[in-house]
Amino acid sequence: MASSLEKTSTFIDGEVSYWYRDIGLPALRPALPGATSVDVAIVGGGLTGLWTAYYLKAAAPDLRIAILEKEFAGFGASGRNGGWLSAEPPGEPSRYAKTHGIGSVVRLQKAMFAAVDEVIRILELEGIDAQVRKDGLLHVATTPSQRARLAKRMPHLRMYGWSERDLQWLDAAELAERVKIAGAVGATYSPHCARIQPASLVRGLAAVVERMGVAIYEGTEVTEVQPSRVVTRQGRVRADFVIRALEGFTAGLKGFKRTWLPMNSSMIVTEPLPARAWDEIGWEGAELVGDEAHGFAYCQRTRDGRIALGGRAVPYRYGSRWDERGQTMSGTFDQLRAQLARLFPSAKAVGIEHAWAGVLGVPRDWCASVGLDRDSGIGWAGGYVGHGVTSTNLAGRTLADLVLERDTDLVTLPWVGRRVRQWEMEPVRWLAVRGLYLAYAAADRRERASGSATSSLIATVADRVSGRR
Ligand SMILES: Cc1cc2nc3c(=O)[nH]c(=O)nc-3n(C[C@H](O)[C@H](O)[C@H](O)COP(=O)(O)OP(=O)(O)OC[C@H]3O[C@@H](n4cnc5c(N)ncnc54)[C@H](O)[C@@H]3O)c2cc1C
C-alpha cells in the first residue's frame, strides 16, 4: 500500500475512468453499416441519448430509433461522473424564474425530486445493478464564509420548492454523526440524492435500450446535424427527428463551436481505506458529500470502501478541446489530492489508484435547456453544468413527449425551448474561464486564511463577470 496520497504502483491516469476499471471496458458494438433511414436519429450515446430512446421506445414500440455514438455508449461524462444522482437543478433557479416565474421553477424542482426516484425505479424494473443507494446529500462548510453562504442559500431554495423535509441544516456535531470532515462548521442535508456507479448505470441502460429494439451504432462519428439528416463518416442517416445529445462534446459538431463550453471536471479515487480510517471518518452511509468552497469538491464513498473525489482542477482547454480518453492535465492530480487531504486527513495514509477527466456542457447563462424545433425536426438537451445525472432522465422524458407531441407538464417546464447566446470567441473564452477559476482559488485561500464570515469580493465579481450568477 502506498502512503500519503501518493500514486500507487498500479496508478492509471485516464483510460476513460476508474468506473470502467471497476466493470471492464466494453467491446465496441458494430458501426453504422452505411446510409439508412429511421424515424429518430439520436447523436450521442450518453444518458441524454439513452433516456430519450428508452422513453420513446417504451411509448411507441414501432418507432425506428438509431443512436450514433463516436466511441462507445457511456464513453463521455455519463461514464465518468461523480455518481451524484441528485435533485439539484442544473443552473441558478432565479435565472429560470426571470423568464417563467417562480411557480414554474418550483415545478422544475418537484420534477427533479421525482426524477431521482424515477431513475431508481427504472434501475429496479430493468434489473440494472448500478450500486444505487439513496442516503442523501451533504453540502459542508469548512470556513465561516462557506457557512454563511450555505445558510443564506436555504431561504433562497425554500422559495423554489425545497421544504423543511427537503433541506435541513446540520450543525457541526450533527454532521459528525454522519461523516467527519476536517474543520467542518456546518452543513445542509437533503434526502434527495443517491450514490450510483456511473459506468454500471449507463452501460446497463444501453443494454436495456438495445433489447427494446433501438439500434446503437458505436465507433460512428457524426460530423454534421442537418434538418432530417445526420452526416457520419460511414454514410448519411435520414430521420424525421434528429436529437443532439452531445453535452460537453457539442463543440465538435459543425456550427456548434460556441454553443456550450466543454468544461473539464476531473476525479481521483483512493485505494480501499483501512477499517481504522473509516472508524475515524464515520461515513457509514452512502451520502454524497460536497464542500462549499468556490472551487467545489464532490465526493462519494464507493461500495468497496474507497473515496472518489472530483473538482474542476484545470477547468478548460484553449479552443474548446477536450481530453484524450480521460487523461488529466498537468497539475490536476496535485490539486485534487490537496482537496482530499484537506477534507479527509484520515485518508492521508492511503494511495491514489486512478485519476481521470471528462467534459460537461456549460451554456453562456449557466442554465440547461431541452428543446425541439418542429420546422427542422432537430431536438437537443444538455448544458447541465455538472448536474446531468438526474437531469438527463428528465430531459429524455421531455424530449420523448416533444417528439410524440404529447401535451404534458414536462413540455412547459422553464428549461424547455430556452435559447441562450453563444460564448465569446477565443482568446476571450479561455481568458474568462481561466480568470474565473483563478479568482475562485484566490478567494478560497483568502477565506480560509481570514476566517471572515464574508465571502471574498473576488469570487463575487468573478461570478458576475462570467455570467455564472
Ligand atoms: C468528471 C465529471 C463528474 C461529474 N459528476 C456529476 C455528478 O456527480 N452528478 C451529476 O449530476 N452530474 C455530473 N457530471 C455531469 C454529467 O455526468 C453529465 O452532465 C451527463 O452525464 C451528460 O450526459 P450526456 O449524455 O448529455 O453527455 P455524455 O455522457 O458526455 O455523452 C455524449 C456522448 O456523445 C459521444 N460523442 C461525442 N462526439 C460525438 C460525435 N461527433 N458523434 C457521435 N457521438 C459523439 C461521446 O462519446 C459521448 O458518449 C459530471 C461530469 C464529469 C465530466
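1. Helix H4, which covers residues 102-126, has 25 residues that at 1.5 Å a residue should span 36 Å, and its end C-alpha atoms lie 36 Å apart, in agreement with that expectation. The helix is followed by Gly127, whose phi is positive, near 70°. These remarks, like those below, concern a predicted model.

2. In the loop between H4 and S5 one finds Gln131, a residue other than glycine with a positive phi, near 55°. Because its relative accessible area is 12%, below the 20% limit, Gln131 counts as buried.

3. A second residue of this kind is Glu15, placed in the loop between S1 and H1, where phi is near 50°, again a positive value in a residue other than glycine. Glu15 has a relative accessible area of 46% and is therefore partly exposed, since that class lies between the 20% and 50% limits.

4. Helix H2 (residues 47-59) passes the length check as well: its 13 residues should span 18 Å at 1.5 Å a residue, and the end C-alpha atoms are 18 Å apart. Eleven of the 13 residues of H2 are buried, so the helix is largely enclosed by the rest of the structure. Among these buried residues are Leu47, Trp51, Tyr54, Tyr55 and Leu56, and the list also includes Thr48, Thr52 and Lys57.

5. Nine strands make up an open sheet with mixed pairing, and their order is S1-S17-S13-S16-S15-S14-S5-S7-S6. Its edges are strand S1 (7-13) and strand S6 (168-170), each of which pairs on one side only. On average, with direction ignored, neighbouring strands of this sheet are turned by 20° against each other.

6. Within that order, strand S5 (residues 137-141) is joined by five bridges to strand S7 (residues 186-190), and the two run antiparallel.

7. Strands S18 and S19 form a hairpin with four residues between them, and Gly377 in the turn has a positive phi of about 80°. The antiparallel pairing of S18 with strand S19 (residues 378-382) rests on five bridges, and Gly371 stands opposite Trp380 in S19. Strand S18 (residues 369-373) is mostly covered, with four of its five residues buried.

8. A cis peptide bond, with omega of about 10°, joins Glu426 and Pro427. Pro427 itself is placed in the loop between helix H10 (388-403) and helix H11 (428-450).

9. Gly34 lies in the loop between helix H1 (18-23) and strand S2 (36-43), and with a relative accessible area of 16% this glycine is buried.

10. Finally, a nonpolar surface patch of about 310 Å² is made by Leu457, Val461 and Val465. Val465 belongs to helix H12 (residues 457-466), and because its relative accessibility of 63% is over the 50% limit, Val465 counts as exposed.

Terms used. Residues are numbered from 1 along each chain as its sequence is written. This is a predicted model: local features need pLDDT of at least 70, side-chain atom pairs count only at pLDDT 80 or more; totals for chains, interfaces and linings use all residues. Side-chain values use heavy atoms; hydrogens and water are left out. Patches are made of residues with over 30% relative accessible area and no salt bridge: like charges are joined within 9 Å, nonpolar side chains (Val, Leu, Ile, Met, Phe, Trp, Tyr) within 5 Å. Accessible areas come from the Shrake-Rupley method with a 1.4 Å probe; for residues, only the protein chains shown count as cover. A salt bridge is a side-chain nitrogen of Lys or Arg within 4 Å of a carboxyl oxygen of Asp or Glu. Buried means under 20% relative accessible area, exposed over 50%, partly exposed in between (1.4 Å probe, protein chains only). The expected span of a helix is 1.5 Å times one less than its number of residues. Two strands pair if DSSP finds at least two bridges between them. Axes are lines fitted to C-alpha atoms, for helices over the stretch in contact, and angles run from 0 to 180 degrees between N-to-C directions.
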